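Student: I've got a model open and I'd like to talk it through with you. Can we start with the aromatic side chains?

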Amino acid sequence: MFSRLQRFYTSIKIFADMVMLAVAFGLAYATRFSGLLPITEGIPPWDETLVSLLMVLFIFPVTFKQSRLYATNRARTNTGEVFEVFKSTITATLILVAATYFARERYSRLTLVIFVGYAFVAVTCNRLLFRWVLSEIRRRGHNLKSILVIGAGDLGQRVIETVEGHRELGFRVTGVLTLRPEKVGQYASGVRVIGHVDAVNEILDAHPVDQVIIALPLEDQAHVKRLMEQLALRTVDVRVVPDLYQYITLYGGLEEFGGLPIIRLQGDPMEGWSRVAKRAFDILFSLLAILITSPLMLLTALAVRLTSRGPVLYRQERMGMDGRTFPILKFRTMRVDAEHSGAMMACPGDSRRTPIGTFLRKYSLDELPQFFNVLRGDMSLVGPRPERPVFIEEFKRQIPRYHLRHKVKAGITGWAQINGLRGQTSIQKRIEYDLYYIENWSLLMDLKILVRTALGGFLSKNAY
């Protein structure tokens with residue numbers, strides 16, 4: 001029920017946003033070609049205008065979704081909502097410009113600027129109106145459904161906090177039952193414990209509810225069978241929350257396969273459209289990066305060739321997504337015989353570096369060829385930095401959950417890197433930042449990391 005209502009509200013938001021975007025597009029077109037502004041390139045034909053509109057209606061909602069604008073967040077203020085809409089609108093506009101460039105689709109630049117302004121205002125007004133309507137409905141207490149939670153422990157309290165955090169769905173917890181007699185009369189996450197589990201029938205007779213949620217810990221699961229037998233004689237909806245959340249590591253949840261419910265304790269953070277969107281983002285922006293940095297790469301290659309003997313490029317085995325290895329490309333910054341005695345990490349004052357190597361490493365210019373790794377699909381623009389397999393075996397033994405960073409593609413830059421975790425910094429801390437990125441990934445987050453990298457995030461005192 002919760003997921004169905006959440007999907008219902010989300011579909012309303014998406015539909016309303018698409019209507020606002022279409023209205024904004026029409027107003028921008030009318031403003032640009034109504035005669036109020038000078039027309040120098042002629043009015044674009046309707047077929048090209050329709051293609052541009054379809055691209056808008058696809059790119060903007062997908063970007064909004066990846067930016068978590070459709071996720072429930074009651075803690076977000078109206079000001080925060082406006083700011084998130086602004087950031088997402090700018091991100092979607094950049095993607096639209098890149099897509100029209102590579103698709104060679106003609107459009108009026110002035111029309112686009114006008115549209116962005118109209119779209120931001122229209123979507124913002126739509127969102128604020130939606131929030132106000134939901135707030136008024138909740139404030140007046142309309143269509144609320146009551147819930148009785150069975151279980152006053154940590155799991156039961158987590159259920160209460162989750163329900164209370166999604167009040168827009170119209171649910172409220174009216175009471176809690178417990179297996180511990182001493183807890184009766186106390187409070188669990190602000191809700192009164194109104195009785196013992198054995199008195200469930202009497203309590204339901206005295207306090208009718210719409211839904212019962214059983215949230216008992218694993219050691220008390222023997223009581224579930226007896227509870228289900230009692231509740232089966234009533235028309236109340238019954239839900240069971242399994243006590244497995246403490247084992248969920250990354251993108252876990254409940255899914256269905258052929259009618260069989262399956263609890264996923266660990267999953268893939270980027271599936272379906274999320275993977276497609278990230279790959280399209282990587283291809284578009286890596287092509288742009290190669291075009292922009294190609295003169296710099298040519299100069300760097302020439303400097304490497306003139307200052308030391310050996311190849312310009314250096315290929316090194318790294319581990320990426322799903323534990324697969326790939327040859328990472330870098331401009332060579334060390335002598336050809338740098339690892340004749342075995343693999344070792346770079347360190348301050350490393351004597352193996354070439355005359356130009358220190359400079360290239362300090363400003364991360366040696367990483368530029370990795371844009372070709374991104375185009376090949378070995379890497380992503382943003383993600384955990386790939387490590388060498390010889391070091392990974394040691395890290396896996398020392399650091400819990402280290403392997404989870406390989407659930408996504410390795411990146412040229414990442415959340416850890418722009419926060420100064422490069423070189424011989426804490427591996428444990430770096431993993432924490434990598435997992436935070438994976439768990440909170442969105443295209444908007446990727447864009448923010450790339451912007452911070454371009455503005456100096458590639459500079460680090462730990463880059464040797």
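Student: Okay, which residues form one aromatic cluster here?
Tutor: Keep in mind that this is a predicted model, where local features need pLDDT of at least 70, side-chain atom pairs count only at pLDDT 80 or more, and totals for chains, interfaces and linings use all residues. Numbering runs from 1 along each chain as its sequence is written, and side-chain values use heavy atoms, leaving out hydrogens and water. Rings of Phe, Tyr and Trp (its six-membered ring) pair if their centres lie within 6.5 Å, with planes under 30 degrees apart called stacked, over 60 edge-to-face and the rest tilted. The cluster is made up of Phe-25, Phe-60, Phe-64 and Phe-115.

Student: How many aromatic pairs does that rule give, and what kind is Phe-25 with Phe-115?
Tutor: The count comes to eight aromatic pairs. For Phe-25 and Phe-115, the ring centres are 5.9 Å apart and the planes meet at 70°, so the pair is edge-to-face.

Student: How many residues apart in sequence are the parts this pair ties together, and are Phe-25 and Phe-115 buried or exposed?
Tutor: Both Phe-25 and Phe-115 are buried (under 20% relative accessible area; exposed is over 50%, partly exposed in between, with a 1.4 Å probe and protein chains only). Helices (H or I, at least four residues) and strands (E, at least two) are DSSP runs numbered from the N terminus. Phe-25 sits in helix 1 (residues 2–33) and Phe-115 in helix 4 (residues 109–139), so the parts joined are 90 residues apart in sequence.

Student: What does UniProt list as "transmembrane region", and how far apart are the end C-alpha atoms of residues 12–31?
Tutor: The unreviewed UniProt entry gives residues 12–31, 43–64, 85–104, 110–130 and 283–304; positions follow the numbering used here, feature names are shortened, and annotations may be inferred rather than shown by experiment. In the model, residues 283–304 are 100% helix and 0% strand, with end C-alpha atoms 27 Å apart. Residues 12–31 are also 100% helix and 0% strand, and there the end C-alpha atoms lie at 28 Å.

Student: In which sense do strand 1 and strand 5 pair, and which residue does Leu-148 stand opposite?
Tutor: Strand 1 (residues 145–150) and strand 5 (residues 211–214) share four bridges, and the sense is parallel. Within that pairing, the residue opposite Leu-148 is Val-212.

Student: Is Lys-278 buried or exposed, and what does Lys-278 touch?
Tutor: Lys-278 lies in helix 8 (residues 273–307). Its relative accessibility is 6%, so Lys-278 counts as buried. Contact means heavy atoms within 4.5 Å, and beyond residues up to four places away in sequence, Lys-278 touches Met-270, Ser-380, Val-382, Tyr-437, Trp-441, Leu-443 and Asp-446.

Student: And Ser-274: how far is its C-alpha atom from that of Ser-442?
Tutor: Ser-274 belongs to helix 8 as well, and is buried with a relative accessible area of 18%. Leaving aside neighbours within four places in sequence, Ser-274 is in contact with Gln-66 and Trp-441. Ser-274 and Ser-442 are 168 residues apart along the chain, yet their C-alpha atoms are separated by 8.5 Å.

Methods: Pairing = 2+ DSSP bridges.
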